[in-house]
Amino acid sequence: MFKAVIFDLNGVFIKSPKLSDRFRDDFGVVQEKFLPALREIMAKVRRPKAGDAYSYWKPYLDEWGVNLSEDEFYDYWFGAEKEAPEMTALARRLKGEGVKVIILSNNFVERAAYYDKNFPFLKEIADKIYYSWQTGFVKSDIRAWEKVLSDNGLRGEDCLYFDDSEENIEAAEKTGMRAYVFDGAEGVKKILELF
């Protein structure tokens, strides 16, 4: 049996269209330009003390002719994100059965603040939320999972882990966790039924 289920956040409890697709469709920024900028910026802002994320985006927005203020940019990005109700219902069920629900997310200050304000259900469904900008450990650094285990008195064998990244799955398995590629609430339910 397992004592805890650890989930990635974006793509699991919060769904949204790809930002790269939206920038292509709304502003004509081709993915060959957008995706390298996104990777570069996210690698920096997901860490502690990165500073204001908009300051990393502003030179690119100027280059692309996208005239969005800081507030407009975050509203545009985060406003498209929505709760995945089938997953929040599943998390509530797990908690009701005495299973710890933990969220482990590579994320940055402004987005986490938006979630705190606009998605209060996250704190309700999760026993604890770990953001990389707070912990300093960005997945797929194995220390991200080791911190979760240590903080919660868990062993890898006590946990199931779900993420949409194959690289993160492989890293989590090194702790002894049973880790699975997330493919929707029904897929999670089928795996949970095995235990």
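Student: What covers the buried residues of α2?

Tutor: The cover includes α1 (19-27), α3 (53-64), α4 (70-78), α6 (109-118) and α8 (132-135). Contact means heavy atoms within 4.5 Å. Helices (H or I, at least four residues) and strands (E, at least two) are DSSP runs, numbered from the N terminus.

Student: What should I know about the model and numbering?

Tutor: This is a predicted model: local features need pLDDT of at least 70, side-chain atom pairs count only at pLDDT 80 or more, and totals for chains, interfaces and linings use all residues. Residues are numbered from 1 along each chain as its sequence is written, and side-chain values use heavy atoms, with hydrogens and water left out.

Student: Which residues of α2 are buried?

Tutor: Phe34, Ala37, Ile41, Met42 and Val45. Buried means under 20% relative accessible area, exposed over 50%, partly exposed in between (1.4 Å probe, protein chains only). Down the axis of α2, the buried residues fall within an arc of 125°, so they line one face of the helix. That arc is taken from the directions from the helix axis to the C-beta atoms.

Student: Which exposed residues sit on the face turned away?

Tutor: Glu32 and Arg39.

Student: How far apart are the end C-alpha atoms of α2?

Tutor: They are 20 Å apart, which agrees with the 21 Å that its 15 residues (31-45) should span at 1.5 Å a residue. The expected span is 1.5 Å times one less than the number of residues.

Student: Switching to the sheet. What's the strand order?

Tutor: β5-β4-β1-β6-β7, an open sheet with parallel pairing. Two strands pair if DSSP finds at least two bridges between them. β5 (128-131) and β7 (178-181) are at the edges with a single partner strand each, so one side of each has no neighbour in the sheet.

Student: Which residue in β7 is the bridge partner of Phe162?

Tutor: Tyr180. β6 (159-163) and β7 pair over four bridges.

Student: And β4, buried or exposed?

Tutor: Five of the six residues of β4 (100-105) are buried, so the strand is largely enclosed by the rest of the structure. Four bridges join β1 (4-7) to β4, with Val5 partnered by Val101. On β5, Tyr131 stands opposite Ser105.

Student: Last one. At what angle do α5 and α11 pack?

Tutor: About 25°, with axes 9 Å apart. Axes are lines fitted to C-alpha atoms, for helices over the stretch in contact, and angles run from 0 to 180 degrees between N-to-C directions.
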